[in-house]
Amino acid sequence: VFVHDIALPTTDPGALAYDMRHTSRAIPGKRHTTLSAYSSPEACKTGCTSEKDDIWALGCIITELVTHKLVGDRVGDDTFGRSLGAVAQAVAEVAIKDSALGSLARTLLEVDKAKRPTAMEALWKHLRGAHVSQLIPAMRPLTSHEMANVSSLSKSNDIPTLLSAVLKEGEYQAMEAAIARLNEILYHEPGKRASMREVYATQFGRLSGIAAMCMCLAKGSPPAQHSAAAAIRTTMLDDDNDEHVSLTDVEIIVSAVIMGTAQTQLHSAAALANICCQSHANRDKVHKAGGMGALAALLAACTLHGHIIHTAMLEAASAIRNACIGHAGNREALWKACAVASFVKVLQDGSHVPASLRDRQIAIHENVAGALRNACNKHNGNCMHFAEADGVSQAMRLLTSSSLIV
């Protein structure tokens with residue numbers, strides 16, 4: 001299972017959650033009720049819904065998919081959320097068929113709203129529990145000829161040869177060696193970055209170097225994905241490459257932000273930051289690809305980490321900062337994802353940082369402040385979220401800090 005197996009949502013999570021809460025199907029036989037078959041226990045009692053109600057609904061859907069039984073059929077004229085026995089039976093049937101899904105269903109169908117996970121906790125602690133790097137296929141031993149080829153690729157300076165190698169599915173050692181070498185060249189020889197917008201003949205037809213690296217990011221092994229994301233990040237430091245990035249390329253990078261390894265997420269977020277830096281057209285592509293929802297999810301995940309300094313916070317904040325420049329759609333998407341509160345959490349973080357990491361901490365604060373500035377510019381919703389999260393007092397505290405930049 002690699003990044004290209006993941007289907008990206010076409011809308012941001014906040015908007016999708018709202019739609020789920022207000023368009024779910026009604027309970028059979030309940031014509032005069034506002035409850036749905038997926039209503040949570042607290043919604044059954046109060047009639048009010050929240051994001052935690054969506055988590056309950058997801059648990060209901062999982063039981064239906066696994067057991068082939070609608071939750072409404074389990075309780076007759078009653079409501080599934082009111083029948084604890086029916087809930088326990090559904091979870092047990094899921095666990096019998098798949099223990100991992102049973103554990104997930106049990107977590108999502110937690111009766112106590114306070115103990116039920118948020119969408120972010122469900123995604124990062126449960127749905128991503130099997131780390132992608134543990135899912136790479138077993139690699140057979142290489143022949144002497146193949147070993148020589150891998151060694152040659154790791155030293156090659158020929159761009160077409162390297163790009164051809166990164167597109168060979170199944171030959172993971174050669175792919176990893178080729179994309180790692182390509183990343184080295186692009187990093188140490190800035191003049192070669194222009195070659196990535198050129199078109200090359202490949203086994204998949206004529207592709208630009210950028211498109212080829214994105215295909216490697218989508219279909220490569222986790223180590224290859226890491227190097228591909230880093231290579232794309234470096235390539236996009238050349239502003240002339242901006243117009244050669246397609247919507248498909250952006251969709252692949254966004255999917256890597258969602259499902260890549262930690263280092264792949266970091267480099268993919270930085271790649272989005274570089275892509276959006278100068279190009280309004282590319283900001284549109286990030287918006288269409290659901291990029292703001294993905295970045296907001298990564299941002300929130302970083303705040304769950306014990307030490308923010310060691311996460312992709314800097315890169316995610318930089319990407320959001322650049323994506324919101326003069327783009328009302330991305331600001332709106334950020335508001336729907338409730339990302340401003342996560343930024344304020346970063347400003348509130350008072351963890352001790354070693355002197356060697358002080359520059360990175362200042363850079364994080366600088367980019368977070370810039371992202372907040374761009375997100376709140378001409379957007380009342382983000383301004384309200386900023387005020388509700390006590391962002392004003394945190395901003396005032398930064399004004400008295402030792403960093404003139406922030």
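**Salt bridges and a hairpin**

Modeller: A search of the whole structure finds seven salt bridges, a salt bridge being a side-chain nitrogen of Lys or Arg within 4 Å of a carboxyl oxygen of Asp or Glu. This is a predicted model, in which local features need pLDDT of at least 70 and side-chain atom pairs count only at pLDDT 80 or more, while totals for chains, interfaces and linings use all residues. Residues are numbered from 1 along each chain as its sequence is written, and side-chain values use heavy atoms, with hydrogens and water left out.

Colleague: Which residue forms a salt bridge with E42?

Modeller: In general, side chains of opposite charge can pair when their charged atoms come close. Here the partner of E42 is R116, with the closest N and O atoms 2.8 Å apart. The two are 74 residues apart: E42 belongs to helix 2 (residues 41-46), R116 to the loop between helix 5 (99-108) and helix 6 (119-127). Helices (H or I, at least four residues) and strands (E, at least two) are DSSP runs, numbered from the N terminus.

Colleague: Are E42 and R116 buried or exposed?

Modeller: Both E42 and R116 are buried. Buried means under 20% relative accessible area, exposed over 50%, and partly exposed in between (1.4 Å probe, protein chains only).

Colleague: What does the salt bridge of K69 and E93 link?

Modeller: Their side chains meet at 3.4 Å, N to O. This pair links distant parts of the chain, 24 residues apart, with K69 in the loop between helix 3 (51-67) and helix 4 (84-97) and E93 in helix 4. K69 is partly exposed at 39% relative accessible area, whereas E93, at 15%, counts as buried.

Colleague: Where do D238 and R197 lie?

Modeller: The side chains of D238 and R197 form a salt bridge of 3.3 Å, N to O. D238 is in the loop between helix 11 (222-235) and helix 12 (247-259) and R197 in the loop between helix 9 (172-188) and strand 1, so the pair ties together parts 41 residues apart in sequence.

Colleague: How many bridges join strand 1 to strand 2?

Modeller: Four bridges join strand 1 to strand 2 (residues 205-208), and the two run antiparallel; strands pair if DSSP finds at least two bridges between them. V199 has S208 as its bridge partner in strand 2. The two strands form a hairpin with two residues between them.
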